[in-house]
Amino acid sequence: MTDRKETRNDNDSGAGGGIAIGRMTGGAVAAGERAQAEDRAERARRDDRAGAGLARVPAEPPRDGGIAVGELSGGAVAAGREARAVDSSRDLLAVTPELLEAVTALRGQLPLLVRSDGDGVDAVGDELAGLEAEARRTGRAQRGRLVRLRALLSSGATAVGGLASAAAVAEAARRLLA
């Protein structure tokens, strides 16, 4: 963790201000005429801020066109004439035993459902299989996968949504995403 990181390029005639960051715990930052910043990290979610107090927004604001950030925990920030920021990072969440148990139970029930075209069962099955494999291999799951699965189970658009085990998976995913 880096406290008070500041990137400035005062020789940027007319390209705008720099970037001032109070606390940075990951990500990418660039400032300048052809600025680019890219973050492709895989982050395991944890509370880095516990006991650290609030990050202070830098006291000296950047010049016009600059960016001031109190706290940056991943992502990408760019400022300047040809600024480009890309955040392709993946937020990984620790899978709870409760979620894994609910996923296993729901996967076991899918073959028992009467199937029809467009019932959404295959989409749910694919997300469950991917989640279970990833969780057993790494103990973690991608935030995006949990969001997609929760949406599939909660939207009422699939035949699976009415199962009690589907509700358990959706609820466990909701708690992780909160």
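Trainee: How many helices and how many strands does the protein chain have, and what pattern do they follow along the sequence?
Mentor: The model is a predicted one. The protein chain has four helices and ten strands. Read along the sequence, the pattern is β-β-β-β-β-β-β-β-β-α-α-β-α-α.

Trainee: Among contacts between residues at least 6 apart in sequence, what percentage join residues at least 24 apart?
Mentor: A contact requires heavy atoms within 4.5 Å. Among contacts in the protein chain between residues at least 6 apart in sequence, the share that joins residues at least 24 apart is 68%.

Trainee: Is Arg23 buried or exposed, and which side chain does the side chain of Arg23 contact?
Mentor: Arg23 is found in strand β2, which covers residues 19–24. Its relative accessibility is 6%, so Arg23 counts as buried. At 3.4 Å, the side chain of Arg23 makes a polar contact with the side chain of Glu71.

Trainee: Are α1 and α4 roughly parallel or roughly antiparallel to each other?
Mentor: Helix α1 (residues 97–109) and helix α4 (residues 164–177) have axes 8 Å apart and pack at an angle of about 150°. Angles over 145 degrees count as roughly antiparallel. The two helices, α1 and α4, are therefore roughly antiparallel.

Trainee: Which residues of α4 meet α1, and is the crossing left-handed or right-handed?
Mentor: From α1, the residues involved are Glu98, Leu99, Ala102, Val103, Ala105, Leu106 and Gln109. In α4 they meet Ser165, Ala166, Ala168, Val169, Ala172, Ala173, Arg175 and Leu176. As for handedness, α1 passes α4 in a crossing that is left-handed.

Trainee: Which side chains make a polar contact with the side chain of Glu132?
Mentor: Glu132 lies in helix α2 (residues 121–138), and its relative accessible area of 10% is the reason why Glu132 is classed as buried. Not counting residues up to four places away in sequence, Glu132 touches Leu100, Val103, Thr104 and Arg107. Two polar contacts involve the side chain of Glu132: one at 3.0 Å with the side chain of Thr104, and one at 2.4 Å with the side chain of Arg107.

Trainee: How far apart in space are Glu132 and Thr104, C-alpha to C-alpha?
Mentor: In sequence, Glu132 and Thr104 are 28 residues apart. C-alpha to C-alpha, Glu132 and Thr104 are separated in space by 7.5 Å.

Trainee: At what angle do α3 and α4 pack, and which residues of α4 make the contact?
Mentor: Helix α3 (residues 143–154) packs against α4 at about 140°, and their axes are 9 Å apart. That angle makes α3 oblique to α4. On the α3 side the contact is made by Arg143, Leu146, Val147, Leu149, Arg150, Leu153 and Ser154, and on the α4 side by Ala166, Val169, Ala170, Ala173, Arg174, Leu176 and Leu177.

Trainee: What separates the C-alpha atoms of Gln142 and Asp91?
Mentor: Gln142 is found in strand β10, residues 140–142. Leaving aside neighbours within four places in sequence, Gln142 is in contact with Arg90, Asp91, Leu92 and Glu134. Gln142 and Asp91 are 51 residues apart along the chain, and their C-alpha atoms are separated by 5.9 Å.

Trainee: Which backbone nitrogens does the side chain of Asp119 reach?
Mentor: Asp119 lies in the loop between α1 and α2, and because its relative accessibility is 10%, Asp119 counts as buried. Not counting residues up to four places away in sequence, Asp119 touches Val114, Ala157, Thr158 and Ala159. The side chain of Asp119 reaches, at 3.0 Å, the backbone nitrogen of Ser116 and, at 3.0 Å, that of Val121.

Methods. Residues numbered from 1 in each chain as written. Predicted model: local features only at pLDDT ≥ 70, side-chain atom pairs only at ≥ 80, totals over all residues. Heavy atoms only, no water. Buried < 20%, exposed > 50% of the residue type's maximum accessible area, 1.4 Å probe, protein only. Polar contact = N/O pair within 3.5 Å; in protein donor to acceptor, adjacent residues only side chain to side chain. Axes fitted to C-alpha atoms, helices over the stretch in contact; angles between N-to-C directions. Parallel < 35°, antiparallel > 145°, perpendicular 65-115°, else oblique. Left-handed = near helix turned anticlockwise from the far one by under 90°.
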